[in-house]
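Dear colleague,

Please find below the structure that I am handing over to you. My findings follow it.

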Amino acid sequence: MDNYTNNNNTARRYTAHVSVLGTTQIHLRSPYTVAWWSAAFPGFGHLLLSKYLLGFVLFIWEVVVNLQANINLGIIYSFQGNIDMNETVKSPHTLI
């Protein structure tokens, strides 16, 4: 990264690295955006950072856990106002 000079020192990071093999772009992302996507659904923050393997593993893990614990069905029942049905679908041993 010796090909970049910033005389007034205002840039926080390099925007690209130019080498003989090609140009690698660095996409600037706010850490708050990445953290929000990770909290909303595990794996999305990693996908946003181009860490595809770990992102897809976390994504699939979250879907499997939700299906096994009937969390999605409980959410549907609670949105419909059937709180009693929500309590019967939940499986306590899978939520721990």
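**Findings**

Along the sequence, the protein runs in the pattern β-β-α-α-α-α-α-α. That gives six helices and two strands. Please note that this is a predicted model.

As for overall figures, the protein has 96 residues, of which 12% count as buried. Where contacts join residues at least 6 apart in sequence, 7% of them link residues at least 24 apart.

Helix α3 spans residues 52-68 and so comprises 17 residues by the DSSP assignment. From its first C-alpha to its last, α3 reaches 24 Å, close to the 24 Å expected at 1.5 Å a residue.

Which residues of α3 are buried? They are G55, E62 and N66. These three lie on the same side of α3, because they cover an arc of only 30° around the axis. The cover over the buried residues of α3 includes α2 (44-48) and α4 (71-80). On the other side of α3, the residues L53, I60, W61, L67 and Q68 are exposed.

I60 also belongs to a nonpolar patch on the surface, which it forms with Y52, F56 and V64. Together, the four residues of this patch have about 410 Å² of accessible area. Y52 is itself located in helix α3.

N70 takes a positive phi of about 55°, although N70 is not a glycine. For context, most residues other than glycine have a negative phi. Where is N70 placed? N70 sits in the loop between α3 and α4. Is N70 buried, exposed or partly exposed? Its relative accessibility is 29%, so N70 counts as partly exposed.

In summary, α3 has G55, E62 and N66 buried, L53, I60, W61, L67 and Q68 exposed on the other side, and N70 with its positive phi just after it.

With kind regards

Technical notes:
Residues numbered from 1 in each chain as written. Predicted model: local features only at pLDDT ≥ 70, side-chain atom pairs only at ≥ 80, totals over all residues. Heavy atoms only, no water. Helix = DSSP H or I, 4+ residues; strand = E, 2+ residues; numbered from the N terminus. Expected span 1.5 Å × (residues − 1). Buried < 20%, exposed > 50% of the residue type's maximum accessible area, 1.4 Å probe, protein only. Arc of directions from axis to C-beta. Contact = heavy atoms within 4.5 Å. Patch = residues over 30% accessible without salt bridge, like charges linked within 9 Å, V, L, I, M, F, W, Y side chains within 5 Å. Areas by Shrake-Rupley, 256 points an atom, 1.4 Å probe, with all protein chains shown as cover. Salt bridge = Lys/Arg side-chain N within 4 Å of Asp/Glu carboxyl O.
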